[in-house]
Every structure is written in C-alpha cells, then in structure tokens.
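Hi,

Here is the structure I said I would pass on.

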Amino acid sequence: MKVIKNLLGMAFSIGLINPVFFPDNQQWFQGFAGMLGAFIGSGLIFGFNGYSVWPKAIGNPGVMPVINQTWIFFFIGCIANLLFATIYV
C-alpha cells in the first residue's frame with residue numbers, strides 16, 4: 001500500500017495531472033491545479049502533518065533556514081507542475 005501511495009504522490013507531484021485532467025487544451029486554472037497536485041503529492045509521500053511545521057528563516061543571510069522535506073518537495077512539485085502547465089499544449 002505504501003508503494004502505491006508513493007507512486008500516486010509522485011505522479012501528482014511531477015505533473016501527470018495535466019495529461020489526465022486536461023487532455024486536449026490548456027485552461028486558465030491549470031497552474032492552480034498543478035499547485036494543488038503538488039500539495040497532494042507531497043502530502044501523500046511525506047505525510048500531511050509535515051505541513052504543520054512552517055519554514056523559518058528563509059532569506060536571512062546570517063541564519064540557517066529550517067525547512068522540512070514536505071515543504072521542499074512541495075516547492076519542487078510546484079515548479080515541475082507549473083512548467084508542465086506552461087509548456088503543455
């Protein structure tokens with residue numbers, strides 16, 4: 001079950017939501033759907049409780065940032081999904 005959950009989460013995270021739900025044309029909300037897919041995919045892989053820990057000290061030059069793998073994978077998934085939504089025609 002864990003393997004299936006991880007594969008489904010990876011499919012949502014890397015942008016496979018686009019050819020499944022938008023097979024023939026591009027919609028104005030496709031980028032938002034990609035961000036939702038990245039949120040769901042990251043939560044399926046690393047657990048939704050990882051979103052309760054907020055990223056801290058990002059952009060402060062003297063402080064080491066604190067961010068967990070759920071948020072990092074969400075950001076990476078957002079980039080992948082938004083690129084896919086932009087390029088996908």
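Leaving aside its neighbours within four places in sequence, which residues is Gly37 in contact with? In this predicted model, Gly37 is in contact with Phe12, Ser13, Ile17 and Asn81. Gly37 sits in helix α3. Its relative accessible area is 0%, so Gly37 counts as buried. For a sense of distance, Pro65 is 28 residues from Gly37 along the chain, and their C-alpha atoms are separated by 25 Å.

Now the overall picture. The chain has 4 helices and 0 strands, and reads α-α-α-α along the sequence. Its C-alpha atoms fill a box of roughly 50 × 35 × 15 Å along the principal axes. Of the 89 residues, 30% are buried. Among contacts with a separation of 6 or more, 62% are between residues 24 or more positions apart.

The helix pair I looked at is α3 and α4. These two pack at an angle of about 145°, and their axes are 8 Å apart. The crossing of α3 past α4 is right-handed. On the α3 side the contact includes Gly31, Gly34, Gly37 and Ala38, and on the α4 side it includes Phe74, Gly77, Cys78 and Asn81. Sorted by type, the residues of this contact come to 10 nonpolar, 9 polar and no charged.

Gly31 is another glycine to look at in helix α3, which covers residues 30-46. Unlike the cut-off for burial, which is under 20% relative accessible area, the value for Gly31 is 21%, so Gly31 is partly exposed. Beyond residues up to four places away in sequence, Gly31 touches Leu82 and Ala85. Gly31 and Cys78 lie 47 residues apart in sequence, yet their C-alpha atoms are 8.7 Å apart in space.

Cys78 turns up again in the largest nonpolar core, which has 5 residues: Ala38, Tyr51, Trp71, Phe74 and Cys78. Helix α4 (residues 69-87) gives the most to this core, with 3 residues. As a general point, nonpolar side chains in soluble globular proteins tend to be buried together.

Phe39, Phe48, Tyr51, Trp54, Trp71, Phe74 and Phe75 form one aromatic cluster. Counting pairs of rings gives 12 aromatic pairs. One of them joins Trp28 and Phe29 edge-to-face, at 5.4 Å centre to centre with 90° between the planes. How exposed are these two? Trp28 has 71% relative accessibility, so Trp28 counts as exposed, while Phe29, at 33%, is partly exposed. Phe48 and Tyr51 make a tilted pair, 6.4 Å centre to centre and with 40° between the planes. Here Phe48 is partly exposed at 41% relative accessible area, whereas Tyr51 is buried at 9%.

Cheers

Key
Residues numbered from 1 in each chain as written. Predicted model: local features only at pLDDT ≥ 70, side-chain atom pairs only at ≥ 80, totals over all residues. Heavy atoms only, no water. Phe/Tyr/Trp six-rings, centres within 6.5 Å; stacked < 30°, edge-to-face > 60°. Buried < 20%, exposed > 50% of the residue type's maximum accessible area, 1.4 Å probe, protein only. Core = buried A, V, L, I, M, F, W, Y, C linked by side-chain atoms within 4.5 Å. Contact = heavy atoms within 4.5 Å. Axes fitted to C-alpha atoms, helices over the stretch in contact; angles between N-to-C directions. Left-handed = near helix turned anticlockwise from the far one by under 90°. Nonpolar A, V, L, I, M, F, W, Y, C, P; charged D, E, K, R; others polar.
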